[in-house]
Structures are given as C-alpha cells and as structure tokens.
Amino acid sequence: MTRHRLEIVILAACITSLAPSGVEMAGAQHFSGRILPLLQEKFAPLLERETGLSLESWESLMAGSDFGEVVIPFDAEGSLLIKLATELSDDDPLSAVAAALDPDDIEVVRRWIDQGARDDDGVVAYAEAKNLLYACSQGAATISVIDMDAQVVIRTVRLEELGFTPDARPHHTAVEPDGAHWYVSLIGDDKVLKFNRENELVGQLTFERPGMLALHPDEDLLFIGRSMKAVNPPRRIGLIRRSTMEIEEFDVFIARPHALAVHRVGGRAYVGSLAENHFVTLDWESGHIELSTIDGPTHTLVQFAVSPDGTVMVVGGQLTGNLFFFDTSDPNNPTITDTLTVGAAPWHPVFSPGGQYVWLGNKMAGTATVVDVKSRSVDAVIEGLSQPHGAVMSPDGRRVFVSNNNLAAMYPARYDFGYTPGVITIIDAESRAVTKSLEVGPNATGLGTATR
C-alpha cells in the first residue's frame, strides 16, 4: 500500500471514530436503501388511516395524505410519522402497533427527518416552493410554513430553540412582496422578529404587547399595533424600517389600538380601537392624524382590509357582528358608505385578488362568510370551522386559507397526542367547499403570505 493510500485510510478511520454513536455517515444512509424499506415493512400499519398516502417513493411520501403532510423536513418532533410512533394515547388501537416498533428503527427515521428528510440525491422537499404561508400557533411558540400549492406544512420554526420563552405567543405574521423576509409578533415576549426565507432569525426588536402587523408593499415600512391581550397598552403604534429594524412610535390617542391597514397608494395608515368606536388616519411622514368615529354601540374593531385598487376598506366589529365599508378613493378622508351584518365576531377580512369578494371568519359562529363587495351582500356562508381567526387567499385566488384557534375542540383531533391542535382550513374559492384541514400547533392565530 502506498503512503498516500495509507494516509487516506487512516484519515477515514479517524473521522469514523469521531462520529456520534449510532449516527450514520453522510452519504452512507440512502432513502431507497434504508428508510423506504423501514417505512414499508414496519411503519406502514401506523399510517393505515392516512388515506391518499403512498409509500411507493420519496415523492409520494413527501406529498402526504388527504389530510396533509406525514413528514416535515428538519422537524421529526412535529412530523406525524414520529408522533404516531412515540406519542399516541394508550386508548388508540394504533398504540399497540407503535409499541411493537424497534426503538432503533424509530431513531433511524427520526435522524433522517431531522437531517432534512432528503432523497437519495440529497434533495430536501419543497426547497423551491414559491407561495408560502406562515401560520402562528400561539399555544406552542411555533410558526408553521405551508406550501400553498402543495397544501402541506413544509417547515416548522420553533421559537424556544431560538432562545425565546415557551410563552412567546406568536400572534401575527407579515411577508415581504418578494418573499425574501417575513416578520412575526410575539405577544408574550414583547418582540417583533425578522426571518429570511430560509427561516433564519436575522433581526428583532422590543415592542410592548405587539399584535397586528401591516407591511407596506412598496416602501421599507412595517406597522405594528397592540395585542387584544394588552389591557391598557400605550396609545401608540410602531413603525419599523424593515431594512434596519429601527422603530419609531406614533401617538394615535385612541385606547387599545389594534386594527391596522396601510393604503399603498395614498401614503396613509389606518388604526382602529378595540375599546371605542374610533379610528385614525395617520400620515406617517408628518405624524399628523385625523380622528373618525363610527356610530352605534361599542363595536370592537378587530381588523381592517383595503381592496387591491385602494378604493374600498372594510373592518369588522367583534361585538356587533357588523362589517363596515368605507370609500377610501381619497385616502385622507375614509368615508363610511355601508354596514352589513355578517354574523358573530367577524375577524380578519381579506379581499380576493380582483377585489370582488371579501372573505372573513366569524369566530363565535364557527363559520366563514363571503361578501359580495359590489352588492354589499352576503354571498355565501361556509360551515364547520372552529373559532376562525386569520384569513388569506392564494395568489391565484383559487383557495382561501383560514386559521382556527380550535380551543373548544369543535374540530376533533384525528389522533390523541395530549393536546388540542389548531387547524388551517382550506376552502375552494369557487365551490365554497372545505377541501382540506391541516392540523398545526395549539391555538392557530395570525396568517401571512406575500402579496403582490
């Protein structure tokens, strides 16, 4: 043996001796040679309820079942496959199947998932996904990243792993138009965080009880309101320069400022009160505000939405079940034009891409309402939701995604893992039918996706 060959052999032996016990070397563990046979021969009985799931290939496994993903790359803890193997209630008949699994086999699959659930060529599923949805689970200190086209959870951001508290309570998200960065408000930790597309934390700042976020699509600006959980917060909102994460606060002089929207053309922000029937129009360049009043009993203004063309704004009243319409063709002077009763506790409204419809969840009714903007009438009511909270539409307008707190468990969990999951309901915008429900962490709240 030559000296050069001997040195290579010795080096390889040294590297092997330094590898953690039980961890297979990179390149030695292949999906088709090790993982797929394990899944087909030993794990398949655990997945018998996952209709639509195929274990024929890596591609079919990563596509998931009729109910969503089975594997989340880099997140074995949150992957259904590992949860079924390790967390099932003893009352579930599948727990006997799980108990019969070899712990070493579970560990092999767990490591494969935590290393990215890669295929034989090292590819990570959904690495090139384009239309991403960021969904907060306020009860778990996690944010689920969803591929809106594939309709599966593709990544999980666990805030505790980044040094934040178990009670961080992520509440709302906002995404830059090109998807390069996204932001989340943490009620419990009094923070606003900035992540890049790879879900790496790249910035943060402190802000007391942050709630709703409103991102200006054309300027380097992000607005922050106050959370509903804040009993008597400062009567100010925050304005962040996104590139530097520097913050300026503006006095808005209304109690519990919560509802928040930006008029992309007119250079104005709108801020509504939870405690009184007031909202303000803010000129952020001058700091000037105009106070407006909505008549009637206390409505509790939850959230605004402005139409794509900027001519119409809506806001829901939690306590009265009213949806208010404003003419915002003059951004400086929003004028109320119509009031429509839409059911109990209208929450976060969203316009369809063409502006012809407004979709919103009715938190206390367990429904979603579709409003025809032109006729100012209820076009449809979708049943079967569970404390709906956030709402967004896919860029092509084909699907509506609605987060559900599900704290009262009106949506029954498919498996008993010891907690009540939050739910992301997916609705076909044309048929108005629920097509899929994705289970995520407890108390699913705010949603955010890139808007163009």
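Colleague: Let's start with F195: is it buried or exposed?

Modeller: F195 is buried, because its relative accessible area is 0%. Buried means under 20% relative accessible area, exposed means over 50%, and partly exposed is in between, using a 1.4 Å probe and protein chains only. Before we go on: this is a predicted model, where local features need pLDDT of at least 70 and side-chain atom pairs count only at pLDDT 80 or more, while totals for chains, interfaces and linings use all residues. Residues are numbered from 1 along each chain as its sequence is written, and side-chain values use heavy atoms, with hydrogens and water left out.

Colleague: Thanks! Which residue does F195 form an aromatic pair with?

Modeller: With W182, in a stacked pair at 4.4 Å centre to centre and 10° between the planes. Rings of Phe, Tyr and Trp (its six-membered ring) pair if their centres lie within 6.5 Å; planes under 30 degrees apart are stacked, over 60 edge-to-face, and the rest tilted. W182 is in strand β5 (residues 181-186) and F195 in strand β6 (residues 191-196), so the pair ties together parts 13 residues apart in sequence. Strands (E, at least two residues) and helices (H or I, at least four) are DSSP runs numbered from the N terminus.

Colleague: And is W182 buried or exposed?

Modeller: W182 counts as buried because its relative accessibility is 0%. Ring pairs also link W182 and F195 with Y134 into a cluster.

Colleague: How many aromatic pairs does the structure hold?

Modeller: There are 7 of them.

Colleague: New topic: how many residues are in the largest nonpolar core?

Modeller: It has 34, and F43, L61, V71, L81, V109 and W112 have the most contacts inside it. Such a core is a set of buried Ala, Val, Leu, Ile, Met, Phe, Trp, Tyr and Cys residues joined through side-chain atoms within 4.5 Å. Helices α2 (31-43), α3 (58-63), α4 (80-86), α5 (94-99) and α6 (103-114) each supply at least two of its residues. The largest share, 6 residues, comes from α2.

Colleague: What does V71 touch?

Modeller: Leaving aside neighbours within four places in sequence, V71 is in contact (heavy atoms within 4.5 Å) with L61, M62, S79, L81, W112, I113 and A117. There is also a second, separate core of 20 residues, which includes A141, W182, L186 and L193.

Colleague: What do the buried residues of α6 pack against?

Modeller: They pack against α2, α3 and α4. The buried ones are D105, I106, V108, V109, R111, W112 and I113. After α6 comes G116, with a positive phi near 115°.

Colleague: You listed A141 in that second core. Where is it?

Modeller: A141 sits in the loop between β1 (132-137) and β2 (142-147). Its phi is near 55°, a positive value in a residue other than glycine. Most residues other than glycine have a negative phi.

Colleague: Which other residue has a positive phi although it is not a glycine?

Modeller: N199, at about 65°. N199 is found in the loop between β6 and β7 (201-206), and it counts as buried because its relative accessible area is 18%.

Colleague: Last one: where is N443?

Modeller: N443 lies in the loop between β27 (434-440) and β28 (444-449). It is buried, with a relative accessible area of 14%.
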